[in-house]
Amino acid sequence: MKGLSDKLRIIYKPFLLIGVGFILIYTLLNWLLFIKAAIPLKEDIIEFWLPFGLPWIPILIWLRPRIKLLNFKNDNAGFGYQFLASIVIAIPTIIAQQYLVTATGKLTQLDNIGQIEKFEKTKYYALKNYYIDKDHIAIQNTATVTGKHNENFNMLIYVAMPVLITGSDTLKTENLYWLGKRYFERISNRLSEQEKDDKYKAFAEKAENDFEREDFSKFAYLEVIGNTDDHNEYNNALKKLNPNASENNVFFEAKAGSFASRNGKKLSWVLGSFIIGAIVWLLLLLFPKFNNRRLKQFKSGAPGKDSDLKDVLALMIPKQDFFITPLIIDLNILIYLVMVFSGLGFISFKTEDLIHWGANFRPLTTDGQWWRLLTCTFLHGGLLHILANMYGLLFVGILLEPLLGRWKFLFIYLVTGILGSIASIWWYDATVSVGASGAIFGLYGCFLACLLLKVFPPDFGRTFLTSTLVFVGFNLLMGVTGGIDNAAHIGGLLSGFLLGCILAGSVKRKAVVLVANETNEGKDNAA
């Protein structure tokens with residue numbers, strides 16, 4: 001019973017305080033900064049990605065040291081408890097933000113759309129008289145690729161229809177108020193280009209038929225489409241119709257239900273999801289036992305040193321023998337964050353935005369924009385893309401940079417990245433290519449050459465040869481299935497392997513010294 005009371009007091013009570021506090025504080029900040037002050041940040045970031053990711057901060061700072069007081073049979077179990085705790089906090093926080101938007105949004109009653117400027121801007125509008133013009137529409141056709149391995153091909157069609165006072169207003173050339181309709185379908189990105197074209201044609205035909213049949217004049221009220229990707233696509237549709245179209249267009253989504261029921265059961269789900277998650281986490285907390293030595297240290301006010309988090313963060317800071325890898329990782333992350341806060345997306349970026357920022361695209365690259373061969377290696381298609389690449393770079397950088405030295409390491413990274421980009425435009429006629437994977441494969445190619453040429457001592461070489469071959473083989477195999485620029489991978493790998501063969505002799509002696517030093521340090525730590 002004493003063990004249970006200690007768990008409730010030392011671990012579970014702080015978890016509840018962190019959870020409730022985070023939900024309340026984040027919701028309050030959302031209301032103050034993004035709803036009242038109207039700071040222009042993408043709504044999906046505010047309502048999903050920030051509440052999904054930010055709980056990790058208080059969990060790592062305050063809850064993680066307490067979870068480490070427990071004994072786990074599996075070393076990864078402690079991380080699992082932290083991950084589950086973050087999910088338990090994130091889910092009700094996400095629902096709370098959706099509730100906040102609908103609950104605080106006001107409904108403005110208008111006789112017609114022409115009166116909208118006479119009132120304070122609100123989230124919802126009801127119109128007494130209006131005309132939806134289906135004959136003078138703006139259309140934007142687009143597609144995105146999503147998924148960890150770019151396995152999803154998303155087809156979208158955006159249609160914007162003028163919202164007018166009467167049918168006679170269709171003769172007017174300027175209009176700022178539009179009703180938006182989005183059509184969406186997802187297919188596999190593994191299909192051939194011809195199959196994708198056929199699927200898109202069928203999707204477009206179905207969307208056109210649905211549009212013709214739907215009566216857009218029947219709705220209860222209109223909801224303003226905020227700072228989202230959909231809003232940007234509707235604007236793009238208007239620019240195709242009129243390149244000089246205003247940037248101050250207002251787009252609405254038609255709502256059929258009553259305004260009073262707009263909140264649904266969101267508030268109940270906020271409370272229910274947190275309570276259910278907290279109960280599940282409590283039940284799981286009952287199984288592991290305390291490590292008596294760590295618990296005693298914690299109660300005495302002198303807990304054991306927790307350096308794991310500091311060690312992870314330290315990998316992002318350049319040091320004497322590990323200088324270039326952190327710089328490259330930091331630069332890639334910085335560029336990704338700049339793109340995110342520029343409003344281009346979070347999970348994935350659109351093809352046209354990537355091209356604008358410097359993606360490798362054969363028609364443009366070979367037309368004199370050769371700088372794209374390098375800039376594309378510092379761009380990524382989205383969150384999962386950059387996470388996977390930076391993890392791969394960190395692993396090989398830890399092993400290879402101390403061996404090569406900072407300037408040889410940087411030289412191989414840049415050269416193999418450019419050669420991978422050249423392989424991409426040689427192989428593909430019109431594929432938009434981004435990512436550091438060509439350069440990373442170049443580093444793995446160099447590392448593989450050092451392993452095969454026995455630059456490292458036998459025990460060390462056997463340990464990493466298998467894992468390197470598995471990593472390279474798995475990623476190349478995923479590229480064969482489609483949606484991944486395997487040409488850049490292969491180009492980087494082969495060029496890196498060749499450079500590794502050239503440099504193998506000069507670095508062999510240094511490798512022996514490094515491995516010997518690491519072995520001695522391990523023995524000292526064990527002692």
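Let's start with helix H14 (residues 383-404) and helix H16 (residues 437-452), which pack at an angle of about 40° with their axes 10 Å apart. That makes H14 oblique to H16, oblique being what is left once angles under 35 degrees (roughly parallel), over 145 (roughly antiparallel) and 65 to 115 (roughly perpendicular) are taken out. The crossing of this pair is left-handed.

Keep in mind that this is a predicted model, where local features need pLDDT of at least 70, side-chain atom pairs count only at pLDDT 80 or more, and totals for chains, interfaces and linings use all residues. Residues are numbered from 1 along each chain as its sequence is written, and side-chain values use heavy atoms, with hydrogens and water left out.

On the H14 side, the residues that meet H16 include Asn389, Phe395 and Leu404, and their partners in H16 include Ser437, Tyr444 and Cys450; contact here means heavy atoms within 4.5 Å. By class, the H14 and H16 contact has 13 nonpolar, three polar and no charged residues.

His489 counts as buried because its relative accessibility is 6%, and buried means under 20%.

Now for another pair: helix H3 (residues 56-67) and helix H4 (residues 77-104) pack at about 140°, with axes 10 Å apart. That makes H3 oblique to H4. Their crossing is right-handed.

Definitions and conventions
Axes fitted to C-alpha atoms, helices over the stretch in contact; angles between N-to-C directions. Helix = DSSP H or I, 4+ residues; strand = E, 2+ residues; numbered from the N terminus. Left-handed = near helix turned anticlockwise from the far one by under 90°. Buried < 20%, exposed > 50% of the residue type's maximum accessible area, 1.4 Å probe, protein only. Nonpolar A, V, L, I, M, F, W, Y, C, P; charged D, E, K, R; others polar.
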